[in-house]
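Hi everyone, thanks for coming. I'd like to walk you through a model, so please have a look at it first.

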Amino acid sequence: MSRRLAIGYGVAAALLAASPLALDAYWLDVLNNVALYVLLALSLNVILGDAGLFNMGQAAFYAVGAYTAAILSTRLQLPVLWALPVAGLVAAVFAALVARPVVHLRGDYLLIVTIGVGEIVRIVLVNDPWGLTGGANGIFGIARPSLFGLRIRRPQEFLYLLWGFVALTVFLFHRLEQSRFGRALVFLREDAVAAEGSGIATARYRLYAFALGAGWAGMAGALYAAKMTIISPESFSFWESVLVFLMVILGGSGSIPGVIVGAALVVVLPELFRGLASARLLVFGLLMMVMMVVRPQGILPVRARRFRERRAAAAAAAATPAGGPGGRA
Amino acid sequence: MQQLLEQLVNGLAVGSIYALIALGYTMVYGVLRLINFAHGDLFTYGAYLGLTLLGSFALQDRLGPVAGLAVLAVMVMGLVALLGALLERAAYRPLRGSPRLSAVVSALGASIFLQNALMLIYGARYQVYPDVLPQTAVEVLGLHIPVVRLAVLGVSVAMMALLFLFVQKTRVGTAVRAAAIDQDAARLMGIDVEKVVLLVFVIGPALGGAAGLLVGLYYGQISFTMGWVYGMKAFTAAILGGIGNIPGAMVGGLLLGVVEALGSAYLSHSWKDGIAFFVLILVLIVRPSGLLGERVAEKV
C-alpha cells in the first residue's frame with residue numbers, strides 16, 4: 001500500500017469516526033448505505049475487477065446472504081452476527097455451484113447468465129419455496145444485532161459496525177491483492193492464455209474468485225438484513241446488480257480505493273440532487289456511455305504493480321512506455 | 001388436446017414476436033460480436049411511438065384499418081430505425097476496437113438511458129393502447145383462435161421471410177453475410193463494413209420497433225420497462241437458435257414462445273418469466289453454440 005493511499009484511508013476513517021458529531025440521523029443512514037454498497041462493490045471487484053469475470057448478478061448473492069441470515073434469525077433465533085459467516089458461506093457455495101458450469105463462457109455470455117441467475121433467484125424468492133422466504137412480502141422481525149452485550153439499533157451505532165466491517169474488508173482485500181492468489185488473478189485477467197501456460201489453473205482460480213466475491217456479498221446481505229430488520233425480493237432487483245456493476249466500472253475496476261470512491265459517488269450524488277431523483281438513472285446511463293469513451297479505466301484506475309527493486313522498475317518503465325494494465329496506451 | 005393446440009398457437013404468436021426482436025440481436029452480434037443491450041429498449045420505443053402516432057394521426061380512421069395500420073407500422077419502423085442508427089453513432093462507434101467490457105458497459109448505459117428517457121417523457125405508469133384490432137375469433141378444426149393472434153403470427157413470419165430473402169438473395173445481403181463471416185476479408189473485397197454495420201443497426205431496430213407495435217396492439221398494455229424482459233427473452237431465443245445465425249433466431253424465437261406457453265399452462269404461471277432464463281442457462285451449459293450456431297465458449 002502506498003503512503004498516499006494509507007493517508008487517504010486514515011483521513012477517511014477519522015472523518016467517518018467523527019461524523020456522528022456533525023451529521024443528523026438521515027445523513028448517517030446515507031453513510032450506512034454507502035458502507036453496504038462499498039462492501040458489495042468490493043465483493044464484485046474481486047470477481048469483475050480482479051478475475052475479469054463479467055458478473056451482473058451480484059444482487060443474487062446479496063439476496064442469498066440476506067435471506068439466509070433472516071431465516072436463521074427468525075426461525076432459529078440465531079443472533080444475526082452469528083449468522084453472518086453462515087450467510088457468507090451459503091452464498092459462496094451457491095455461487096460456486098452456479099458458476100461451475102459457466103465460468104468458462106466468454107465475457108458477455110457470462111454477463112447474460114449472471115443476469116439470468118439474478119432473475120431466477122428473485123423469482124424463486126417471490127414464489128416462496130417451502131414457505132421459507134415469505135413470498136413478495138419478504139421476511140420481517142429480524143432481530144437487531146448485538147455486539148459485546150451492546151444492542152445496535154441507532155444509525156450511529158450501525159455506522160461503526162458497518163464501517164468497521166468495511167475497514168476489515170479493505171484490509172483483507174489489500175492483503176489478498178498482494179497474495180499469490182491475487183497475483184494469479186491479475187495475471188489471468190491480463191492474459192488468460194499466458195497464465196494457463198505458466199501453470200495457473202485458470203478455471204479453478206476463476207471459480208474461487210467468484211465464490212469469494214459472492215460470499216462477501218452474502219455477508220453484506222446479512223448486514224443489510226440486520227440493519228433493515230425487514231427484507232423483501234424487491235430489494236434485490238436487477239437494478240441493484242447494475243448499480244454495483246456501475247460502481248466498480250466507474251471507480252476503476254480492480255482498484256480498491258477506486259471502487260470505494262465509485263460506490264460513494266453512486267450513492268451520495270443522487271442524495272445531493274434529490275430534486276432530480278427521477279432523472280437519476282438517466283444520468284447514470286449517460287455517464288456509463290461517456291465514461292467508456294473518455295476514461296474507460298475509471299476514476300482511480302489500478303496502477304501497474306510496482307516492484308521493490310527501484311532499478312528494476314525504472315528499467316522496465318524505460319523499456320515499455322505503456323500505461324500498464326489500466327489499458328491506457 | 002384442444003388446450004394443447006390453443007397454447008401451441010398462442011406460443012407461436014408470442015414466439016414470432018421474440019423472433020422479430022431476436023433478429024436485431026443476432027444481426028448486430030453477427031457483424032460486431034457485440035450484444036446490443038439497448039435493443040430491447042428500442043423495441044419499447046416502437047410500442048410507445050406506435051401509441052403516440054396512433055393517437056395523433058388517427059390513420060385507421062382516414063385510411064381504413066388495414067392500410068392505416070400498415071402506414072403506421074412503416075412510420076414506427078422508420079423512426080425506430082433512425083433511433084438505432086443514432087444509437088450506433090453515439091454509443092458503439094466511438095468504442096470500435098476497444099475492449100469488450102467497454103462496449104458492454106456502454107450498451108448497458110445506453111439501455112438505462114433510453115429506458116429512463118422514455119419514463120420521463122411518458123411517465124412511469126402503464127400505457128393502454130386503444131382497441132383498433134377486431135376482437136373476433138375464427139374456428140379452425142374446432143379451435144378457438146383470435147384473429148389478432150393469427151395476424152401477429154402472419155405479419156411476423158412475412159417480415160422474417162422478407163429479411164431472409166434480402167440477406168440470401170441480394171448483393172447487399174451478401175455483403176452483410178460476408179462482413180459477419182470475416183470483417184477483414186470483407187473489407188479486402190471492397191465491402192464498406194461501416195455501411196454494413198449501419199445497415200444492421202437500421203434493419204434490426206426496424207424489426208424490433210415493429211415487434212413493439214405488435215405487442216402494443218396484441219396485449220393492449222405497454223410499460224417503459226417491458227423492453228428488458230422481452231429483450232432478455234429474445235436474446236435467449238437468439239442464443240437458442242445460435243447467435244449470429246438469422247434462421248436460428250427465427251427458429252429459436254418460435255421454439256421459446258412455444259416452450260414458455262406450454263410451461264406456463266401446464267407447470268405454473270408464476271414461474272413463466274423464469275422459464276426463459278432456465279432455457280438460456282441450460283443452452284449455454286449444454287450447447288453454447290445453439291441449435292444452428294457458432295461456438296461461444298472460450299477454450300481457456
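**Where the two chains meet**

Let's begin with the contact between the chains: chain A puts in 38 residues and chain B puts in 37 residues, where two residues are in contact if their C-beta atoms, placed from the backbone, lie within 7 Å. On the side of chain A that touches chain B, the elements giving two or more residues are helix 5 (107–126), helix 8 (192–197), helix 10 (238–251) and helix 12 (280–294) of chain A. Helix 5 of chain A supplies the largest share of that side, 11 residues. Sorted by class, the side of chain A that touches chain B holds 26 nonpolar, eight polar and four charged residues; here Ala, Val, Leu, Ile, Met, Phe, Trp, Tyr, Cys and Pro count as nonpolar, Asp, Glu, Lys and Arg as charged, and the others, Gly among them, as polar.

A quick word on conventions: this is a predicted model, where local features need pLDDT of at least 70, side-chain atom pairs count only at pLDDT 80 or more, and totals for chains, interfaces and linings use all residues. Residues are numbered from 1 along each chain as its sequence is written, and chains are lettered from A and ligands numbered from 1 in the order in which they are written.

Now to chain B, which has 12 helices and four strands; these are DSSP runs numbered from the N terminus, with helices being H or I of at least four residues and strands E of at least two. How many of its 300 residues count as buried, as a percentage? That is 51%, with buried meaning that 20 or more other C-beta atoms lie within 10 Å of the residue's own.

Of its 212 residues, A:Ala41, A:Ala69, A:Ala222, A:Met247 and B:Ala210 touch the most other members. Helix 1 (residues 2–32) of chain B gives the most to this core, with 16 residues. Setting aside neighbours within four places in sequence, the contacts of A:Met247 include A:Tyr37, A:Ala41 and A:Val266.

Why is A:Leu39 classed as buried? Because 26 other C-beta atoms lie within 10 Å. Not counting residues up to four places away in sequence, A:Leu39 touches A:Phe165, A:Val166, A:Thr169, A:Trp216 and A:Ala220. The C-alpha atoms of A:Leu39 and A:Val170 are separated by 8.8 Å, although these residues are 131 apart along the chain.

How values were computed:
Buried ≥ 20, exposed ≤ 12 C-beta atoms within 10 Å, placed from the backbone. Core = buried A, V, L, I, M, F, W, Y, C linked by C-beta atoms within 7 Å.
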